[in-house]
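Reader: I'd like to learn how to read this model with you, one feature at a time. Could we begin with burial and then move on to how the pieces pack?

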Amino acid sequence: MQREAAKRAALNALKRARRSAEKAGVSLSEWEGEFLESVGERVKTHGRAFADPEKGAPGQALSAMQGRKLKEITAKAKGEEPKRRWGRKKGE
């Protein structure tokens, strides 16, 4: 039951990211488009998008890195500036 809910949530998040990019007129890169398609297909087919159980929590449909990339694509679609990694400030 919980696994099905995680699967539905992941599929909805992938669809929302693509729709919001289309609505905002933001063009996703070829890689981002392929990422959304391939992850969606793996979740539909296998119930999760990663094979190694160490890459994600049990019962989750996306691995930690896939979740991070999905957040980055969603932020890009909303027109938000990408977050800085490792706490560095601009100009350092």
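Reader: What share of the residues of the protein chain counts as buried?

Author: Keep in mind that this is a predicted model. Burial is judged from relative accessible area, with under 20% counting as buried and over 50% as exposed. Here, 30% of the 92 residues of the protein chain count as buried. Along its principal axes, the C-alpha trace spans about 45 × 30 × 20 Å.

Reader: How many helices and strands are there in the protein chain?

Author: The chain has 3 helices and 0 strands. Reading from the N terminus, the order of elements is α-α-α.

Reader: How do I read the way two helices pack, say α1 and α2?

Author: Start with the axes, then the angle, then the handedness. Helix α1 covers residues 2-24 and helix α2 covers residues 30-46; their axes come within 10 Å and cross at roughly 160°. An angle over 145 degrees counts as roughly antiparallel, and α1 and α2 are therefore roughly antiparallel to each other. The crossing of α1 past α2 is left-handed.

Reader: Which residues in α1 meet α2?

Author: From α1 come R3, K7, L11, L14 and R18, and they meet G33, L36, E37, V39, G40, V43, K44 and H46 in α2. By type, the residues of this contact divide into 5 nonpolar, 3 polar and 5 charged.

Reader: And what is the general idea behind a nonpolar core?

Author: In soluble globular proteins, nonpolar side chains tend to be buried together. In this model, the largest nonpolar core has 14 residues, and those touching the most other members are L36, V39, V43, L62 and L70. Two or more residues of this core come from each of α1, α2 and α3 (64-78). The largest share, 5 residues, is given by α1.

Reader: Which residues does L36 touch?

Author: Leaving out residues up to four places away in sequence, L36 touches L14, R18, L28, L70 and I73.

Reader: Is E32 buried or exposed?

Author: E32 sits in helix α2. It is a charged residue by class, and E32 is buried, with a relative accessible area of 13%. Again not counting residues up to four places away in sequence, E32 touches I73 and K76.

Reader: What about M1: buried or exposed?

Author: M1 lies in the segment before α1. With a relative accessible area of 89%, M1 is exposed.

Reader: Last topic: how do I compare sequence distance with distance in space?

Author: R18 and A77 are 59 residues apart in sequence, yet 7.9 Å apart in space, C-alpha to C-alpha. M1 and G59 are 58 residues apart in sequence and 9.7 Å apart in space, again C-alpha to C-alpha. For the chain as a whole, take the contacts between residues at least 6 apart in sequence: 56% of them join residues at least 24 apart.

Conventions:
Residues are numbered from 1 along each chain as its sequence is written. This is a predicted model: local features need pLDDT of at least 70, side-chain atom pairs count only at pLDDT 80 or more; totals for chains, interfaces and linings use all residues. Side-chain values use heavy atoms; hydrogens and water are left out. Axes are lines fitted to C-alpha atoms, for helices over the stretch in contact, and angles run from 0 to 180 degrees between N-to-C directions. Helices (H or I, at least four residues) and strands (E, at least two) are DSSP runs, numbered from the N terminus. Angles under 35 degrees count as roughly parallel, over 145 as roughly antiparallel, 65 to 115 as roughly perpendicular and the rest as oblique. A crossing is left-handed if the near helix is turned anticlockwise from the far one by less than a right angle, and right-handed if clockwise. Contact means heavy atoms within 4.5 Å. A nonpolar core is a set of buried Ala, Val, Leu, Ile, Met, Phe, Trp, Tyr and Cys residues joined through side-chain atoms within 4.5 Å. Buried means under 20% relative accessible area, exposed over 50%, partly exposed in between (1.4 Å probe, protein chains only).
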